[in-house]
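Please read the numbered points with the sequence and the model at hand.

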Amino acid sequence: AAVLVQSAARAFLVVRRMGPSWKRTRMRLRCVSEIVESERSYMRHVDTLCNEFLYPLRNAISRPPPGAAPICTAEQLKAIFSNLENIRPVNQQLLESLEKRWTEWSPVQCIGDVFLNLVPFLKLYISYVNGYESARDTLEACLSNIQFAAFVAECTRKADLGGLTLPALLIMPVQRVPRYELLLAELHRHTADAHPDR
């Protein structure tokens, strides 16, 4: 945290020395800060989905109590969480790359290449998005099972989600790529034509 504060302070001092273009540079700095914070928040939610819901549910169906039926099937679990486990490491790498750039931030720093490196992996999101309606329907059907609903309620309570629900978390990967588009469009708007990130 101290490194991030120092980095932001250095960037601010450089911006102040720049003269008339400082406003555009300051806005660009805010955009990058929002991109990094947004990715951190998103990764916290993806981690919660995996650690607080997917893995406990997988464990519960692989080892049901003696004489009890599993609370859902492996196929239902796969339908609900789709390829989230494949998306997670891609976004973890993206976050690490963004944080590295942020700690070294200067007015001429670029982040466009970080997103360009992500492009080949965006096809993972296509699969998730295409399966989202089925995931929602499967979750709704599973929640009609009292044991499944109780298990999810307990997972939600333990995770302390601040009012978020499992369905609210599951839609986040669907919303992520459009969010990148908005964040990057805003960054582009505040990037000078001569900037290497343009």
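1. Aromatic pairs. The structure, a predicted model, holds two aromatic pairs (rings of Phe, Tyr and Trp, the last by its six-membered ring, with centres within 6.5 Å; planes under 30 degrees apart are stacked, over 60 edge-to-face, the rest tilted). Trp102 and Trp105 make a tilted pair, with 6.3 Å from centre to centre and 40° between the planes. Both of these residues, Trp102 and Trp105, are buried (under 20% relative accessible area; exposed is over 50%, and partly exposed lies in between, with a 1.4 Å probe and protein chains only).

2. The pair of Phe115 and Tyr180. The ring centres of Phe115 and Tyr180 are 5.5 Å apart and the planes stand at 65°, so this pair is edge-to-face. Because Phe115 belongs to helix α5 and Tyr180 to helix α10 (residues 172-189), the pair ties together parts that are 65 residues apart in sequence. Helices here are DSSP runs of H or I with at least four residues, and strands are runs of E with at least two, numbered from the N terminus. Phe115 is buried at 9% relative accessibility, and Tyr180 is buried at 5%.

3. Basis of the model. Residues are numbered from 1 along each chain as its sequence is written, and side-chain values use heavy atoms, with hydrogens and water left out. Local features need pLDDT of at least 70 and side-chain atom pairs count only at pLDDT 80 or more, while totals for chains, interfaces and linings use all residues.

4. The largest nonpolar core. This core (buried Ala, Val, Leu, Ile, Met, Phe, Trp, Tyr and Cys residues joined through side-chain atoms within 4.5 Å) has 30 residues, of which Phe53, Phe81, Phe148, Leu166 and Leu170 touch the most other members. Two or more residues come from each of α2 (22-62), α3 (74-81), α4 (84-103), α6 (123-130), α7 (132-143), α8 (146-159) and α9 (166-170). Helix α2 gives the largest share, nine residues. Leaving aside residues up to four places away in sequence, Leu166 touches Leu49, Phe53, Phe81, Leu139 and Val152 (contact means heavy atoms within 4.5 Å).

5. The second core. A separate core of 17 residues has Val36, Val90, Trp102 and Leu183 among its members. In soluble globular proteins, nonpolar side chains tend to be buried together.

6. Packing of α2 on α8. The axes of α2 and α8 are 10 Å apart and form an angle of about 145° (lines fitted to C-alpha atoms over the stretch in contact, with angles from 0 to 180 degrees between N-to-C directions). From α2, Thr48, Glu52, Phe53, Pro56, Leu57 and Ala60 meet Phe148, Phe151, Val152, Cys155, Thr156 and Ala159 of α8.

7. Loop residues with positive phi. Which phi does Ser82 have, although it is not a glycine? The value for Ser82 is positive, about 45°, and the residue lies in the loop between α3 and α4. Asp160, also a residue other than glycine, has a positive phi near 50°. Asp160 lies in the loop between α8 and α9 and is exposed, with a relative accessible area of 65%.

8. Thr165. This residue is likewise in the loop between α8 and α9. At 40% relative accessibility, Thr165 is partly exposed.
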